[in-house]
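Hi everyone, thanks for coming. Let me put the model up on the screen, and then I'll walk you through a few contacts.

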2 protein chains.
Amino acid sequence: MPTTESAAVDACPDKRVRADAQRSMDALLTAAAEVFASSGVDAPVREITAKAGVGTGTLYRHYPLRSDLVAAVFRHELDACADAAPVLAEQYEPMEALSRWLERLQGFFATKRGLSAALHSGDSAYEHLPDYFRSRFVPALGSLLDAAAAAGEIRADVDPQELLNAVAQLSMGGPIAGEGYATRMVQLLLNGLRYSD
Amino acid sequence: MPTTESAAVDACPDKRVRADAQRSMDALLTAAAEVFASSGVDAPVREITAKAGVGTGTLYRHYPLRSDLVAAVFRHELDACADAAPVLAEQYEPMEALSRWLERLQGFFATKRGLSAALHSGDSAYEHLPDYFRSRFVPALGSLLDAAAAAGEIRADVDPQELLNAVAQLSMGGPIAGEGYATRMVQLLLNGLRYSD
DNA sequence: TGCGTAAGCGGAACACTGTTCCGTATAGTC
DNA sequence: GACTATACGGAACAGTGTTCCGCTTACGCA
């Protein structure tokens with residue numbers, strides 16, 4: 001999960017973390033979740049540290065890269081989204097499961113201000129974030145795509161990584177994106193998977 | 001074209017511009033084109049002004065918003081892309097013309113580092129840029145879509161603005177975007193337009 | 001319980017970047 | 001050549017990411 005030696009309590013439960021450090025990390029996570037929701041994942045560090053009541057040095061100590069903080073804040077929700085794939089696969093026909101999961105995925109990105117843009121920014125502060133998302137979402141999407149292809153409902157030649165990237169991008173909205181834009185575009189991609197010459 | 005009272009020589013030929021001012025603007029356009037190509041449209045102003053041999057105040061005087069500079073640098077190429085639509089419409093069947101133009105559009109964005117991201121950034125420095133692009137590309141795309149729909153080759157219910165936005169976003173590439181990613185995704189959108197239940 | 005020391009702290013300092021503004025320079029007209 | 005409007009450059013300023021060092025806190029051990 002975290003790709004740097006930080007937030008050690010989560011990555012290595014055997015490692016001792018002092019009580020004050022744990023308090024700082026908890027405060028930062030709470031504050032960051034609020035600030036991300038209101039100002040986006042690229043909000044200034046001072047906004048987060050002020051809300052958390054800790055110093056900026058403390059933030060960097062526990063979360064050396066912004067992607068470490070972003071990953072920590074969204075981890076549970078991301079896991080829940082990825083884990084929804086097999087559940088949907090059991091409840092619905094392959095095509096329906098795929099469609100519903102993509103809708104879930106799109107909703108995940110849509111409610112995280114600036115997350116999709118951050119993933120595509122190439123900014124070194126988000127260096128490890130794409131890998132993190134890919135590691136959880138690509139297997140989920142891959143299995144749904146395989147099932148739908150095996151059922152003869154879609155073509156079998158789309159790369160799950162590419163489709164994931166496309167959904168993330170379309171979820172950014174945009175200067176003209178009205179209500180339902182991303183949903184319509186993702187649906188169009190799905191229809192493209194169904195189309196055969 | 002320019003949405004602010006700058007680069008007056010182009011917007012209002014009657015207005016006198018001093019020779020030194022014209023030299024400054026020319027130098028800035030030349031430098032910006034180079035810097036945008038190597039560092040992207042969000043390169044620091046100091047990089048552009050240093051290359052142009054002018055002061056930063058001079059850059060803001062002639063191009064108050066970054067979007068003014070971006071629009072000026074890419075104007076000819078953007079016009080040429082938009083003007084290619086009717087030409088392709090004459091030479092090819094509607095579906096083929098649409099496909100080729102989207103490929104042309106995608107290539108336009110792909111060769112402009114950071115342009116697509118800038119369009120979607122919401123940054124006030126790029127405030128007028130989306131409108132500029134929309135004003136030239138939406139009519140072009142709209143007529144191609146109409147022709148293909150009239151020929152019964154695609155559904156008639158896609159909004160050209162939305163499709164334009166989607167192509168721009170997919171042209172951003174991304175952390176996993178390999179060779180031809182954007183082309184494949186745009187093709188998938190096109191296939192989606194052809195698909196009917 | 002007290003001591004020693006490692007872990008952790010906060011925020012000033014620093015570098016980078018966007019933007020403004022003012023004293024000086026240049027261009028154009030008469 | 002003189003006058004004046006236009007244009008100049010870059011220092012100053014504010015915002016932001018990041019580092020680092022003197023000080024503080026927590027924990028383990030005797």
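Let's start at the DNA: a polar side-chain atom of B:Tyr60 sits 2.7 Å from a phosphate oxygen of DNA strand C. That is a polar contact, meaning a pair of N or O atoms within 3.5 Å; within protein, one must be able to donate a hydrogen and the other to accept it, and residues adjacent in sequence count only if both atoms are side-chain atoms.

Quick housekeeping: this is a predicted model, where local features need pLDDT of at least 70, side-chain atom pairs count only at pLDDT 80 or more, and totals for chains, interfaces and linings use all residues. Residues are numbered from 1 along each chain as its sequence is written, chains are lettered from A and ligands numbered from 1 in the order in which they are written, and side-chain values use heavy atoms, leaving out hydrogens and water.

Now, aromatics. Rings of Phe, Tyr and Trp (its six-membered ring) pair if their centres lie within 6.5 Å, with planes under 30 degrees apart called stacked, over 60 edge-to-face and the rest tilted. The whole structure has 18 such pairs over all chains. One of them, A:Tyr132 with A:Phe133, is edge-to-face, at 5.9 Å centre to centre and 80 degrees between the planes. A:Phe133 is buried at 4% relative accessible area, where buried means under 20%, exposed over 50% and partly exposed in between (1.4 Å probe, protein chains only).
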